[in-house]
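User: Hi! I would like a close look at one part of this protein, and then a walk through the side-chain contacts elsewhere.

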Amino acid sequence: MATVQAPRGTKDILPEDVVYWQYIEAIARSTFRSAAYQEIRTPIFEQTNLFERGIGEATDVVGKEMYTFTDRGDRSLTLRPENTAGVARALIEHNLQAQGGVQRLWYSGPMFRYERPKAGRQRQFHQIGVEVLGSASPRADAEAIAVAMNFLAALGLKTPQLMFNSIGSFEDRKAYREALVDYLTPYKDDLDSDSQDRLTRNPLRILDTKVERTREIIQDAPTLIQQMSSESIQRFEQVQQLLTDLGLAYTIDPQLVRGLDYYTHTVFEIQAEELGTEATVCAGGRYDGLVEQLGGTEVPAVGWASGVERLLLLVKEHGAVPAQAVDFYVVSRGDRAEANALALSQTLRKLGFAVELDLSGSAFGKQFKRADRSGAAACFTLGDAEAEQGTVQIKWLASGDQEEMKQDEIEAIAPNLRQKLDQLVS
Ligand code: ATP
Ligand code: MG
């Protein structure tokens, strides 16, 4: 019988990789803490209409990529394809904005999109992101971008490229949409079929195409900035000035639009050239209309999401993150010694040490080899003689130094053990 495999587009994250995930998560946590962002955790599935209303039915994400199912109670549910809509829903549901001021939130977790899998593109993937809700200030845009850059810098990314644009207000876009459709309609037959489809449904998304011939056509298309109101242009310039003041280099990309309908004004992407075609490691923008669109009050907001699988590819290139080794490895043989060893391991753990107990029952030689491989600082050994005398042998693996002590003295000498461990790492 064929063995069962993980579903297409999903990946197991095995222990050797988990160390990198934990490293990225730890850096995210400390970066966000340094800017007063608090974590929020929302459900992995939501009512389908949250995404239809929030992201927009004409988008790829809603139109083609959602994992939607009917549950046993006949509800239509969808595995979240992104987390901004969920955070906005939680804000409304718990009336978080009533507390006044700005909500600075971050999240981390799996997202689901039915896409063609390839390197850096999966069906279950992970995002770490932030949302700043309740501020219309251009400083909120600049801060959110700065925090993204802090995060990537802390991860050791060498030259992240910040691509930046404004897509104006909804009104600006309405005017622009017409101009764009007028320009593109004569080329209709030359457009790829997706773009032809978008010409009526969501023409701005055509700017986001990766198809070469379509790209050529849009080279000379009118740009949004030509249709933007003076307020929108002023806002665009304010954010640019703030970025410049922060010393953050950026490139304005007039063709940068984002895949989701809810964006307004600021949109940006951060790219890592090392990644080739799937180069965007972080993407976001302002979404002033979303909370209202979901039935809340008007809450201006800005945020971004970063693809963890892509960050991981980069972090791995920069070298190994050391696995977390235990402090002590405990080896034993013989019924009484094995029982003592289990108890001793527990005592050591309660004293704050990380301990791996060898459960194999194999010959001492084999157990010692595993002790060496474990990366532990010391190996504790119990045999028949030790069980008889209530003692334990301790061997410090780097120096080979050995000592013997009474099992019931462990608690008393714990500070000495801690001191030795601290000396070894310093
Ligand atoms: P693309 O144009 O590459 O499909 P997108 O606009 O759909 O990107 P966003 O919704 O903005 O992507 O998601 C933000 C980030 O999440 C992306 O820049 C990327 O790093 C990551 N991401 C998005 N979809 C996937 C996926 N299927 N697999 C892995 N990472 C993804
Ligand atoms: Mg996509």
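Which residues line the largest cavity?

Analyst: Happy to take you through it. Please keep in mind that this is a predicted model, and that every value below is computed from its coordinates.

The lining of the largest cavity is made up of Tyr176, Leu207, Ile218, Ala221, Pro222, Thr223, Leu224, Pro254 and Gln255. By class, seven of these lining residues are nonpolar, two are polar and none is charged. Thr223 and Gln255 belong to the lining, and they fall in the polar class because neither is on the nonpolar or the charged list. The space inside comes to about 50 Å³. With a threshold of 30 Å³ or more, the count is one cavity. As background, rolling a probe the size of a water molecule over the atoms shows where empty space is left.

From the cavity, let us turn to the aromatic side chains. The structure contains 16 aromatic pairs. Phenylalanine 32 and tryptophan 304 make one of them: the ring centres are 6.0 Å apart and the planes meet at 55°, so this pair is tilted. That pair joins distant parts of the chain, since phenylalanine 32 belongs to helix 1 (residues 15-33) and tryptophan 304 to strand 11 (residues 301-307), 272 residues apart. Phenylalanine 32 has a relative accessibility of 0% and so counts as buried. Tryptophan 304 is buried as well, because its relative accessible area of 2% is under the 20% cut-off. A second tilted pair is formed by tyrosine 262 and tyrosine 263, with 5.0 Å from centre to centre and 50° between the planes. Tyrosine 262 and tyrosine 263 are both buried. Returning to phenylalanine 32 and tryptophan 304, these two belong to an aromatic cluster together with Tyr37, Trp106 and Phe151.

Rings also meet charges here. Arginine 123 places its charged end over the ring of tyrosine 114, at 4.0 Å from the ring centre. Likewise, the charged end of lysine 316 sits over the ring of tyrosine 20, with 5.5 Å to the centre of that ring.

A search of the whole structure gives 21 salt bridges. In one of them, arginine 198 pairs with aspartate 60, and the closest N and O atoms are 2.8 Å apart. Arginine 198 is in helix 7 (residues 193-201) and aspartate 60 in helix 3 (residues 60-64), so this contact ties together parts that are 138 residues apart in sequence. Both partners are shielded from solvent by the accessibility criterion: arginine 198 counts as buried at 11% relative accessibility, and aspartate 60 is buried with a relative accessible area of 15%.

Another bridge reaching across the chain connects arginine 235 and aspartate 141, where the closest N and O atoms are 3.2 Å apart. Here arginine 235 comes from helix 9 (residues 230-245) and aspartate 141 from helix 5 (residues 138-154), 94 residues apart. Arginine 235 and aspartate 141 are each buried.

The side chains of arginine 89 and glutamate 93 meet at 2.8 Å, N to O, in a salt bridge. Both residues lie in helix 4 (residues 84-93), four residues apart, about one turn of the helix. Glutamate 93 is exposed, because its relative accessibility of 54% is over the 50% cut-off.

Finally, a word on the backbone. Most residues other than glycine have a negative phi. Aspartate 74 has a positive value instead, with phi near 65°. Aspartate 74 lies in the loop between strand 3 (67-70) and strand 4 (76-79), and is exposed with a relative accessible area of 67%. Asparagine 95 also has a positive phi, of about 55°, although it is not a glycine. Asparagine 95 is placed in the loop between helix 4 and strand 5 (103-112). At 43% relative accessibility, asparagine 95 counts as partly exposed.

Definitions and conventions:
Residues numbered from 1 in each chain as written. Chains lettered and ligands numbered in written order. Predicted model: local features only at pLDDT ≥ 70, side-chain atom pairs only at ≥ 80, totals over all residues. Heavy atoms only, no water. 1 Å grid on protein atoms, 1.4 Å probe; cavity = no way out; pocket = protein on both sides within 12 Å on 5 of 7 lines; lining within 4 Å. Points joined across faces, edges and corners; volume = space filled by probe spheres on them. Phe/Tyr/Trp six-rings, centres within 6.5 Å; stacked < 30°, edge-to-face > 60°. Helix = DSSP H or I, 4+ residues; strand = E, 2+ residues; numbered from the N terminus. Buried < 20%, exposed > 50% of the residue type's maximum accessible area, 1.4 Å probe, protein only. Lys NZ or Arg CZ within 6 Å of the ring centre and 35° of its normal. Salt bridge = Lys/Arg side-chain N within 4 Å of Asp/Glu carboxyl O.
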